[in-house]
Amino acid sequence: MNMRHNPKSMKKQLTLALALLLGSATAATAPQVAWLKNLKVLGSISIAENGDLVYIGTDARAHRTDANGKEKWNFALGDVGRAQPIITPAGKVIIGAYDDYLIQLNAAGQVDWRVKLDGDIVASPALRADGSVLAASSSGTLWALSSTGQPLWSFKAGGGIYSSPTVAADGTIYFGAQDNQLYALTPAGGRKWAFRANSFIFSSPAVDAQGNVYFGSSDRNIYAVDANGQLRWRVPANLFVNASPIITSTGLIVVGSYDGNVYAIDKNGAVEWTYKTGAPVAAPAVELTNGDVLVGDLQGTLHAINASGRGQWTIKTGKRIDTTVAVSDAGTWYFSTNDGQLSAIQRQAPIATGEWSFYRSVPSGWGRTLTATEATNRRSRTQAAQAAARPTTPAPTPTTPAPRPTPGGTATTPAPRPTTPTPAVDPVAAATRAGRAALVRDGQVYLPLTDLVEALGARVRVTTSVTTTLEFAGRPVTLTVRSIDGRAYVPLAALTLLPDAAPAYDARARAYRLRVPGRTVSLPLDFARLLRPVYTPR
């Protein structure tokens with residue numbers, strides 16, 4: 001078959017190329033569960049910066065445990081609840097349940113304030129950049145409260161609100177309601193517009209950097225509307241879409257449906273891939289730094305899906321999974337089943353830091369677009385948490401030869417040996433070498449570490465068998481490494497962890513261009529050659 005004259009084959013090849021570019025993997029063995037504990041988990045779990053877990057239990061209590069599930073405190077609520085708590089930058093916990101109360105607890109689990117709303121709190125609250133909180137009730141009211149719990153304003157929708165509010169970069173607030181409408185409010189609570197679907201909206205909206213909003217509906221459609229409330233596209237599913245979408249680092253909107261499919265749709269409305277789970281999906285997915293997506297289904301299977309929509313592995317629990325997988329910055333995955341048991345998988349890829357990689361934006365449940373400073377700080381914390389979670393090998397300390405005694409008994413220091421001048425570093429040549437030496441292993445593109453470091457203008461601090469820590473743009477950056485034929489290689493996907501990195505692929509020039517502070521690195525990558533072992537045209 002002549003690939004140049006077959007658009008479908010070309011699209012297939014490009015899809016596979018992008019999957020490799022982003023570090024997706026072929027089918028792999030499922031990771032082992034490190035521990036399984038009956039912690040009475042009912043709602044979605046939030047993760048604090050120090051790794052602590054916060055959730056509502058089946059015992060109608062708010063629980064805080066350490067990263068290994070050891071309880072630090074619990075607090076009695078008036079009822080159960082399933083909303084994901086907020087953990088504020090100051091370590092406060094904001095939590096709502098079916099007893100109508102929104103409560104703020106301090107780091108020790110003591111009450112700071114408590115406010116009674118006008119109905120059950122089913123949707124997860126959102127934390128705005130100024131510290132104020134948004135909370136919705138089943139009676140259809142969205143409330144804004146100050147950081148001290150004082151009511152600021154309220155807005156009455158035409159139906160109950162089970163869709164968690166989302167706050168965009170400009171402060172616009174989005175949420176769905178049981179009157180079939182997606183609402184957009186000003187930061188002061190005024191109505192900007194409402195978009196009408198054909199049935200209920202349980203799905204919590206995801207918002208991209210351009211202000212476009214994505215959500216699902218019980219009318220069996222996945223929607224995209226622009227910042228003015230105009231329909232951009234609608235993609236049909238076979239059953240209702242109550243799950244909340246995420247936006248991956250490659251710009252795909254990923255969301256599951258009760259039809260048993262997970263859909264990946266680009267920002268123009270084209271379905272890139274559909275993954276069949278074999279059971280209804282009600283939980284949001286979550287993206288990892290390696291491009292994989294994790295999602296559970298209602299038959300109790302946890303699925304890992306790579307960036308091209310291929311299943312990597314599954315873990316079958318036999319018990320319903322209807323909440324999202326919580327992923328820490330250090331790379332621990334937590335998933336719960338409907339019997340309250342919590343499983344932990346450790347030393348894995350951490351949560352991605354894309355524009356909406358998690359349905360509540362960040363593991364601590366803020367539900368809003370981060371500021372530029374917050375986004376930079378999050379990337380730094382993720383890198384630091386990864387480095388702390390893995391062993392490091394100290395760099396060897398250079399030693400000076402001991403003085404040698406002369407025949408007369410006087411010790412003399414050996415004369416310094418002549419040194420060979422260090423050759424000048426040529427970043428362009430190094431980038432060319434790195435691209436030409438690229439390899440594919442287990443579905444990922446790898447680049448030689450030494451050449452890549454020269455191309456980036458970085459410096460190696462320390463390298464272990466599994467990681468390397470670089471000094472880059474004045475900051476430490478920890479990346480995974482793999483030894484191939486005795487040489488250290490870095491996955492291409494890991495380059496997105498570099499501070500302020502902006503990657504792009506030029507298909508015509510067959511070059512991967514990475515814009516980083518102070519330079520643009522151009523890596524020649526021949527995907528026709530790299531793909532040949534994976535895909536052969538028929």
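Me: Two strands pair if DSSP finds at least two bridges between them, and helices (H or I, at least four residues) and strands (E, at least two) are DSSP runs, numbered from the N terminus. How many bridges join strand 19 to strand 20?
Reply: This is a predicted model, in which local features need pLDDT of at least 70, side-chain atom pairs count only at pLDDT 80 or more, and totals for chains, interfaces and linings use all residues. Residues are numbered from 1 along each chain as its sequence is written, and side-chain values use heavy atoms, with hydrogens and water left out. Strand 19 covers residues 213-217 and runs antiparallel to strand 20; Val 213 has Val 225 as its bridge partner there. The number of bridges joining the two strands is five.

Me: Which residue takes a positive phi in the hairpin of strand 20 and strand 21?
Reply: Strand 21 (residues 231-236) runs antiparallel to strand 20 and is joined to it by five bridges, with Asn 221 opposite Pro 236. In the hairpin of strand 19 and strand 20, with three residues between the strands, Arg 220 has a positive phi near 75°. The hairpin of strand 20 and strand 21 has five residues between the strands, and the residue with a positive phi near 85° is Gly 229.

Me: Which residues of strand 20 point the opposite way from Asn 221, Tyr 223 and Val 225?
Reply: In a regular strand the side chains alternate between the two faces of the sheet. Strand 20 (residues 221-225) has five of its five residues buried, where buried means under 20% relative accessible area, exposed over 50% and partly exposed in between (1.4 Å probe, protein chains only). Asn 221, Tyr 223 and Val 225 point one way, and pointing the other way are Ile 222 and Ala 224.

Me: How far apart in space are Val 262 and Val 295, C-alpha to C-alpha?
Reply: Val 262 is found in strand 24 (residues 261-265) and is buried, with a relative accessible area of 1%. Leaving out residues up to four places away in sequence, Val 262 touches residues including Trp 273, Tyr 275, Val 295 and Ile 305, a contact being heavy atoms within 4.5 Å. Val 262 and Val 295 are 33 residues apart in sequence, and their C-alpha distance is 8.8 Å.

Me: What is the angle between the ring planes of Phe 155 and Phe 175?
Reply: Rings of Phe, Tyr and Trp (its six-membered ring) pair if their centres lie within 6.5 Å; planes under 30 degrees apart count as stacked, over 60 as edge-to-face and the rest as tilted. By this rule the count comes to 14 aromatic pairs. Phe 155 and Phe 175 form an edge-to-face pair, with 6.4 Å centre to centre and an angle between the planes of 70°.

Me: How many residues apart in sequence are the parts that this pair ties together?
Reply: Phe 155 lies in strand 13 (residues 151-156) and Phe 175 in strand 15 (residues 173-176), so the pair ties together parts whose separation in sequence is 20 residues.
Phe 155 counts as buried at 12% relative accessibility, and Phe 175 is buried at 0%. The separation in sequence is, again, 20 residues.

Me: Why is helix 4 largely enclosed by the rest of the structure?
Reply: Helix 4 spans residues 449-456. Its buried residues include Leu 449, Asp 451 and Leu 456. Helix 4 is largely enclosed because the number of buried residues, out of eight, is six.
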